[in-house]
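Trainee: Could we go through this structure together? I would like to ask about single residues before turning to the whole chain.

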Amino acid sequence: MDLGLKDKVAIITGTGSQIGFGKAIALALAKEGCDIMGVDVDGEGAEQTAAEVRSLGRKAIGLKVDITNRAEVDAAVKKALAEFKKIDILVNNAGMDPGWVPFIEMDLDNLRKAMDVNLYGGMNMVQAIAPHMISRKYGKIVNFSGGQGGPNTTSYSTSKGAVDSWSEVLAKELVPLGVIVNTFLPPPAKTKLGADHLPPNFADRVSKMMPLGRLCTPAEVGSMIAYMVSDTNSYMVGQYIKL
Ligand SMILES: NC(=O)c1ccc[n+]([C@@H]2O[C@H](COP(=O)([O-])OP(=O)(O)OC[C@H]3O[C@@H](n4cnc5c(N)ncnc54)[C@H](O)[C@@H]3O)[C@@H](O)[C@H]2O)c1
């Protein structure tokens, strides 16, 4: 199936991790013919991903950007428009988990860190890019949710719950202006996220609970996002897609 993504331009956040979803999304979209700007606090990683995209024959920029910093976000968007002349797709993938702690012992700074990146970072990206999309009456945005409700995960859970609510509202506000917003909850995968504090056998235990008896690969998320942001996927608006 031709997804119709040839010559579209995508900005993807969180492409620095070499084992994360952001890089896999960049490669999946590039294989479908997109040009890519990947942004990450890990500038070297973002550039490494961009180099792999270029080796697939598409244009790519990898940039060190902290999405919690609106001035850095604005500068990145300006650069993307100067280079590519348009932005068709935004994948708000960057995220962090500040660590698991029982709520009654939790310092509120733990929650602030998660809100800053997972919610306000994504909001910065949308506020910087949506006006351009609205001016063209075209745009596809996917916001990344995350697993919620486990004990000791107040910060991550709350920040991702907030993303879900915001994304639902955003979809209704932007659809009359020509911009399509959906939310995506990836299944558990072995990425950098949480690797510093998850129990050693966590991945094995979770694998056994998955319907296919294994974790998903970042490439499987890449394919799903390529479909979600394509024009082939022409009737999905404001949906919460959970793999
Ligand atoms: N891995 C999982 O099991 C899982 C499950 C559900 C949801 N998610 C979500 O998937 C998304 C991608 O995470 P991942 O699993 O690929 O993890 P990852 O840690 O491998 O990648 C996340 C990337 O986001 C970047 N980032 C963090 N803070 C940033 C900031 N302020 N500005 C710019 N970039 C920043 C990191 O540097 C990193 O490269 C996240 O939103 C995460 O919450 C992951």
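Trainee: Is Asn152 buried, exposed or partly exposed?
Mentor: In this predicted model, Asn152 has 15 C-beta neighbours inside 10 Å, so the residue counts as partly exposed. A residue would need 20 or more to be buried, and 12 or fewer to be exposed.

Trainee: Where does Asn152 sit?
Mentor: Asn152 lies in the loop between S5 and H5. Its phi is near 75°, which is a positive value in a residue other than glycine.

Trainee: Let us move to H5. How many residues does H5 have, and how far does it reach?
Mentor: Helix H5 covers residues 154-174, which gives 21 residues. From its first C-alpha to its last it reaches 30 Å, close to the 30 Å expected at 1.5 Å a residue.

Trainee: Which residues of H5 are buried, and what do they pack against?
Mentor: The buried residues include Thr154, Tyr156, Lys160, Val163 and Leu174. The buried residues of H5 pack against H4, strand S5 (139-144) and strand S6 (179-185).

Trainee: And H2, what span should its residues have?
Mentor: Helix H2 (residues 43-55) has 13 residues, which should span 18 Å at 1.5 Å a residue. Its end C-alpha atoms are 18 Å apart, which agrees.

Trainee: On which side of H2 are the buried residues?
Mentor: Gly45, Ala46, Thr49, Ala50 and Val53 are buried in H2. They cover an arc of only 140° around the axis, which puts them on the same side of H2.

Trainee: Why can residues a few places apart point the same way?
Mentor: An α-helix has 3.6 residues a turn, so residues three or four places apart point the same way.

Trainee: What does the other face of H2 carry, and what covers the buried residues?
Mentor: The face turned away from the buried side carries the exposed residues Glu44, Ala51 and Ser55. The cover over the buried residues of H2 includes H1, strand S2 (35-40) and strand S3 (60-64).

Trainee: How many residues of H1 are buried?
Mentor: Ten of the eleven residues of H1 are buried, so H1 is largely enclosed by the rest of the structure. Phe21, Lys23 and Leu29 are among them. The buried residues of H1 pack against strand S1 (9-13), S2, H2, strand S4 (89-92) and helix H7 (218-228).

Trainee: Now Asp40. Is Asp40 buried or exposed?
Mentor: Asp40, which is found in strand S2, counts as buried because it has 27 C-beta neighbours inside 10 Å. Leaving aside its neighbours within four places in sequence, Asp40 is in contact with residues including Gly14, Gly45, Val65 and Ala94.

Trainee: Finally, how many helices and strands does the whole chain have?
Mentor: The protein chain has seven helices and seven strands. Its radius of gyration is 17 Å, close to the 18 Å that the globule rule gives for 243 residues, so the chain is as compact as a globular protein of that length. Buried residues make up 45% of the 243 residues.

Trainee: What share of the contacts joins residues at least 24 apart?
Mentor: Among contacts between residues at least 6 apart in sequence, 73% join residues at least 24 apart.

Note on methods
Residues numbered from 1 in each chain as written. Predicted model: local features only at pLDDT ≥ 70, side-chain atom pairs only at ≥ 80, totals over all residues. Helix = DSSP H or I, 4+ residues; strand = E, 2+ residues; numbered from the N terminus. Expected span 1.5 Å × (residues − 1). Contact = placed C-beta atoms within 7 Å. Rg over C-alpha atoms; globule rule 2.2 N^0.38 Å. Arc of directions from axis to C-beta.
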